[in-house]
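Subject: The model for you to look at

Hello,

Here is the structure I promised to pass on. Have a look at it first, and then read my notes below.

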Amino acid sequence: MMLRDAQGQPIAIRREDYAAPGYWIDTVDLTFDLDPAKTRVLNRMRLRRNPDAPIQPLRLDGDELNLARVLVNGQGASFRMEGDQLVIDGLPYAEEGDFELEIFTTCCPIKNTKLMGLFVSEDTFFTQCEAEGFRRITYFLDRPDVMSTYTVTLRAAKAAYPVLLSNGNLVEQGDLPEGRHFAKWVDPFRKPSYLFALVAGKLVAREQRITARNGKEHLLQVYVRAGDLDKTEHAMNSLINSVLWDEARFGLPLDLDRFMIVATSDFNMGAMENKGLNIFNTKYVLANQATATDADYSNIESVVGHEYFHNWSGDRVTCRDWFQLSLKEGLTVFRDQEFSQDLCADASARAVKRIEDVRVLRTAQFPEDAGPMAHPVRPDSYIEISNFYTVTIYEKGAEVVRMMQTLVGRKGFEAGITLYFKRHDGHAVTCDDFAQAIADANPDSELARLLPQFKRWYSQAGTPRLAAHGVYDAQNRSYTLSVVQSCPPTPGQPTKEPFVIPLNIGLLDANGRELPIQLEGESDVTRGTRTIVLSRAGEQLTFVGLDAEPVPSILRGFSAPVILDFDYTDAQLLTLLANDPDPFNRWEAGQRLGLRAALQGIAALATDTTPVLNDAYIDAMRSVLRNPQLDAAFKELVLTLPSETYIAEQLDVVDPQRVHLVREAMRAQLATALFADWEQVYEENHDTGAYTPDPTSSGRRALAGMALNFLCLAARTSGDTVWPGKTLQRFKDAGNMTDRFNALNALVSSGHTLAAQALARFHAIFKDEALVIDKWFSLQAGASDRGGDILPLVKQLMKHPDFSLKNPNRARSVIFSYCSANPGAFHRPDAAGYVFWSDRVIELDAINPQVAARLARSLDRWSKLAEPYRSAAREAIARVAAKPDLSKDTHEVVTRALAGN
């Protein structure tokens, strides 16, 4: 139900209105009689009034439940319904002690297409309760600050549902009459309702017993369908590594006898950290070399780590309210990023991981910060909390945590984490509590000194910009770097105060050698990178002892989530690209050169045959490819041009077709100008031996795949048939999915006629592998548009027998790949892409509002578009917004989009 004011407008929930609940729920005893059409839920709770809150009725949240019984201390009780809330008056006062409340309800999991609460997927019961799904299971104080201990009894037909799982430890199980059985689970740790979970169905498990550092033994289990057991080894290894890493790095042990992961193909999210019973999208569990790419292996490792790390940062200590969501998500993304980097064998692999993380931030979060859905890391209001599971909360939140580590040091941060859990274990707290703990553990740090100002990262939306300018004084042998910070207005925040920004900086001479760093007035000389903490709107940094003007390497390692404006010359960027010892800034120099060429090509109205890249850039890329000291994975990152989305974000007014045309011209130029090098790169990297998903082998496969892509693209221009033929043979002979899919992608993205044959063969081989078919759909919907051919193809794909709009993975593979990830095909001059988008948003909204709202965000940046795209996009958004029964999820997105013009 959407709460509305007197004028019929949705009511926003505001952080400033937070009040502690009027009641606490100490224990919850749930009994489920599971049936797809009518599941019976008996909920017995021990409650007590909160003596610190005003006396008030008990208001329990519910959604699409059938209420059968309400008892207080075993007696009938009067109650009333107010919207979806169950309201009970006349309950015992605080001085009378606690009381028992019993509620009996039924629900229909088989009809639950929202996939929130209790639902059925392929004849198996699953739950998803974050953020507000528990109210779809039983009436409850469905808010994160109400933490209870749970006892759960599951009863079901044994033949149909032989496996019965819930949170915590299994304490009892047995048979019941009429072919039924039961399992009783007890979770000894207090948790909020959003962490509740149950699973029931026909599943098999990979099991592994491990012994922790403290000598305690634990059982790890990964549950899947019978035919998928051979794809669980990597997930299990990732889980074992996660357990060991968290105890070694932060001293945080596994606290339950067993830890379970269960995979389902119908899931709105990537995974969910329910205490001791993580439920995962199959995408982040299932992998073997025949069906999963290197990227899949990497993602599984990261997501398994992420959800396990929530066992402490999210489960043991949780959020006071949903405005504090980044307390658990930003911290845990940071932890999973550190985990993945720590597993890398060498510094280059760590750098590649860092660059990949930053690329996500800049291509997804920076646009969000500049759009109508911009919000602080700790939002001030929302209509639907599901809309705020965003890259701002997660990835930008992780960068805020990373800056804390930079300001206090790695060991200081670990001390802060220890203090945080010591103070707040078993409680629901705030972002302020976390920042205070890190600062208190490091009282002499810059974080402690500047903490109130640092916390503006939580309260102010938008991406700060650093305008930097350097002047060399030959007479005084000094170089002065002036830095001015600013942050543009965002919805509800017209003015911004200065942030605390840790700025990592180095200096190079004209030949690329690292220079010592000495600031004016200081006697110490720094070798390598120096961290300078900015806190004022404008600052000047004067470096002394320099015999010539240096090349500044600013924002090394991407030390803060900001946009750096520095007017580098091409020569300076080429120096950094060739020599900077900081891998991030070396990569960034190449990106800046590519972006500069793209923007010049767009401004000059370049055609698809106009050279966009100059000789110096081509030569620099050739040098990167030929450099034996550079990792293959790093080369692949450097040779990847800035995306169309990232290029568009640098423009005030965007013609998507022109952006697409220019970037395609750049790709074609790289393909032909470096043809001989691509041949050499492929020959040197295509054979990686027996398959392993380690960073070195993965990097070589990625670079070989890039080479094939460019060789096929060059063949499109030259008419050459050799390399497309070799690519098709590579596709047929490949011994792993990465090589096979790279070859298929090369044929599809180059638009070669052999692509149709390869696509048909791919589908025939993998028709029974759902995740692989998702790739098949996605590749086609995301292919480069040539003459408007992709939208008709997408419409045909939606008619394919394997397509289902109700499955989020499949919907994302086709519709999102087109609308959100293929701007050159989506933004059509005839507006047909926008019409398609509005039809799909409305259609999905009736089935699964969360998925619909995510799709609705494809047009967040519509107001930047040039005409005729701008007016057509606005019309499409307005059409969706005008639908009278729109969910609050989608309503919030489209109304904010319209308000942001």
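A word on naming before the tour: helices (H or I, at least four residues) and strands (E, at least two) are DSSP runs, numbered from the N terminus. Please keep in mind that this is a predicted model, where local features need pLDDT of at least 70, side-chain atom pairs count only at pLDDT 80 or more, and totals for chains, interfaces and linings use all residues. Residues are numbered from 1 along each chain as its sequence is written, and side-chain values use heavy atoms, with hydrogens and water left out.

**The two cis peptide bonds**

With that naming in hand, Ala 131 sits in the loop between β11 (124-128) and β12 (148-157). A cis peptide bond links Ala 131 to Glu 130, with omega about 5°. Another cis peptide bond joins Glu 867 and Pro 868, where omega is about 5°. Pro 868 belongs to the loop between α27 and α28.

**The chain as a whole**

The chain has 29 helices and 32 strands. Its radius of gyration (taken over C-alpha atoms) is 28 Å, close to the 29 Å that the globule rule gives for 901 residues, so the chain is as compact as a globular protein of that length. That rule is 2.2 Å times the number of residues to the power 0.38. Along the principal axes, the C-alpha atoms fill a box of roughly 85 × 70 × 60 Å.

Of the 901 residues, 61% count as buried. Buried means under 20% relative accessible area, exposed means over 50%, and partly exposed lies in between (1.4 Å probe, protein chains only). For contacts, the cut-off is heavy atoms within 4.5 Å. Among the contacts with a separation of 6 or more, 70% are between residues 24 or more positions apart.

**The core**

A nonpolar core is a set of buried Ala, Val, Leu, Ile, Met, Phe, Trp, Tyr and Cys residues joined through side-chain atoms within 4.5 Å. The largest one here has 287 residues, and those with the most contacts inside it are Leu 101, Phe 413, Phe 434, Phe 543 and Trp 837. Helix α18 (residues 695-718) gives the most to this core, with ten residues. If you zoom in on Phe 543, its contacts beyond four places in sequence include Arg 477, Tyr 479, Leu 481, Ile 505 and Ile 532.

Arg 477 has a point of its own: its phi is near 50°, a positive value in a residue other than glycine. Arg 477 lies in the loop between β25 (465-473) and β26 (478-486) and is partly exposed, with a relative accessible area of 36%. Leu 115 also has a positive phi, near 60°. Leu 115 is found in the loop between β9 (99-107) and β10 (117-121), and is buried at a relative accessible area of 6%.

In helix α27 (residues 849-856), seven of the eight residues are buried. The buried residues of α27 pack against α24 (808-819), α26 (832-845) and α29.

Helix α28 (residues 869-881) and helix α29 (residues 888-899) pack with their axes 9 Å apart, at an angle of about 140°. The axes are lines fitted to C-alpha atoms over the stretch in contact, and angles run from 0 to 180 degrees between N-to-C directions. On the α28 side, Arg 874, Ile 877, Ala 878, Val 880 and Ala 881 meet Thr 890, Val 894, Ala 897 and Leu 898 of α29.

His 310 lies in the loop between α2 (294-309) and β22 (318-319). His 310 counts as buried because its relative accessibility is 0%. Leaving aside neighbours within four places in sequence, His 310 is in contact with Glu 273, Asp 315, Lys 328, Glu 329 and Thr 332.

Ser 265 is in the loop between β19 (258-264) and β20 (271-272), and counts as buried at 16% relative accessibility. Not counting residues up to four places away, Ser 265 touches Ser 121, Glu 122, Thr 282, Asn 807 and Asn 809.

Finally, Ile 618 is part of helix α13 (residues 615-626) and is buried, at 6% relative accessibility. Its contacts beyond four places in sequence are Leu 613, Leu 670, Ala 673 and Leu 674. The C-alpha atoms of Ile 618 and Arg 155 are separated by 67 Å.

Best wishes
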